[in-house]
Amino acid sequence: MKQSAILIFCLIVLTLNGTQGMPQARSVRCVCITISNRSVNPRSLEKLEIIPASHFCPHVEIIATVKKTKEKRCLNPESKAVKNLLKAVSKDRSKRSP
């Protein structure tokens, strides 16, 4: 009886020990795998997402969705064209808000 109790206790300890160090969100990573260098016309944008850097992905990600094709493009946040696009979009938003 004692041997079976010790065996069960050891199995429980080994099982709990194996699951302690597992990260909670293993599947979270960068959304953008490839970055497009093509420019996007601000008038053709349906949606512009800016995902800040985090401990899961060290890069700032900018995802543009085009109106007509619903195509999603990952843009290079360091390019001059994208910086100008962000300025144009923020300027347009400031005009819309009262």
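Guide: A disulfide, meaning a pair of cysteine sulfur atoms within 2.5 Å, joins Cys30 to Cys57, with an S to S distance of 1.9 Å. Cys30 lies in the loop between helix H1 (2-19) and strand E1 (45-51), and Cys57 in the loop between E1 and strand E2 (61-66), so this pair ties together parts that are 27 residues apart in sequence. Helices (H or I, at least four residues) and strands (E, at least two) are DSSP runs, numbered from the N terminus.

The model is predicted: local features need pLDDT of at least 70 and side-chain atom pairs count only at pLDDT 80 or more, while totals for chains, interfaces and linings use all residues. Residues are numbered from 1 along each chain as its sequence is written, and side-chain values use heavy atoms, with hydrogens and water left out.

The link of Cys30 and Cys57 is right-handed, with 100 degrees about the S-S bond. Its two ends can be described by relative accessible area, where buried means under 20%, exposed over 50% and partly exposed in between (1.4 Å probe, protein chains only). Cys30 is partly exposed at 26%, whereas Cys57 is buried at 4%.

The count of disulfides comes to two. The other bond is formed by Cys32 and Cys74, whose sulfur atoms are 2.2 Å apart. This pair also links distant parts of the chain: Cys32 is in the loop between H1 and E1, Cys74 is in strand E3 (residues 72-75), and 42 residues separate them. The link of Cys32 and Cys74 is left-handed, with -85 degrees about the S-S bond. Both ends fall in the buried class, with Cys32 at 15% relative accessibility and Cys74 at 14%. With bonded cysteines counted along the chain, the disulfides follow the pattern 1-3, 2-4.

Next come the charged side chains. Side chains of opposite charge can pair when their charged atoms come close. For a salt bridge, a side-chain nitrogen of Lys or Arg must be within 4 Å of a carboxyl oxygen of Asp or Glu. The structure holds three salt bridges.

One of them is between Glu71 and Arg38, with the closest N and O atoms 3.1 Å apart. Glu71 sits in the loop between E2 and E3 and Arg38 in the loop between H1 and E1, so far as the sequence goes 33 residues apart. Glu71 is partly exposed at 29% relative accessibility, and Arg38 is partly exposed at 49%. Glu71 also forms a salt bridge with Arg73, here with the closest N and O atoms 3.5 Å apart. Arg73 is buried, at 14% relative accessible area.

Glu46 is partly exposed, with a relative accessible area of 42%, while Lys70 counts as exposed at 51%. The backbone of Lys70 has a phi near 60 degrees, a positive value in a residue other than glycine. Most residues other than glycine have a negative phi.

The strands named above belong to an open sheet of three strands in the order E1-E2-E3, with antiparallel pairing; two strands pair if DSSP finds at least two bridges between them. E1 and E3 stand at the edges with a single partner strand each, so one side of each has no neighbour in the sheet. Neighbouring strands are turned by 20 degrees against each other on average, direction ignored. Axes are lines fitted to C-alpha atoms, for helices over the stretch in contact (heavy atoms within 4.5 Å), and angles run from 0 to 180 degrees between N-to-C directions. E1 and E2 run antiparallel and are joined by six bridges. Ile51 stands opposite Glu61 in E2. Helix H2 (residues 80-96) lies across E1, E2 and E3, and runs at about 110 degrees to E1.
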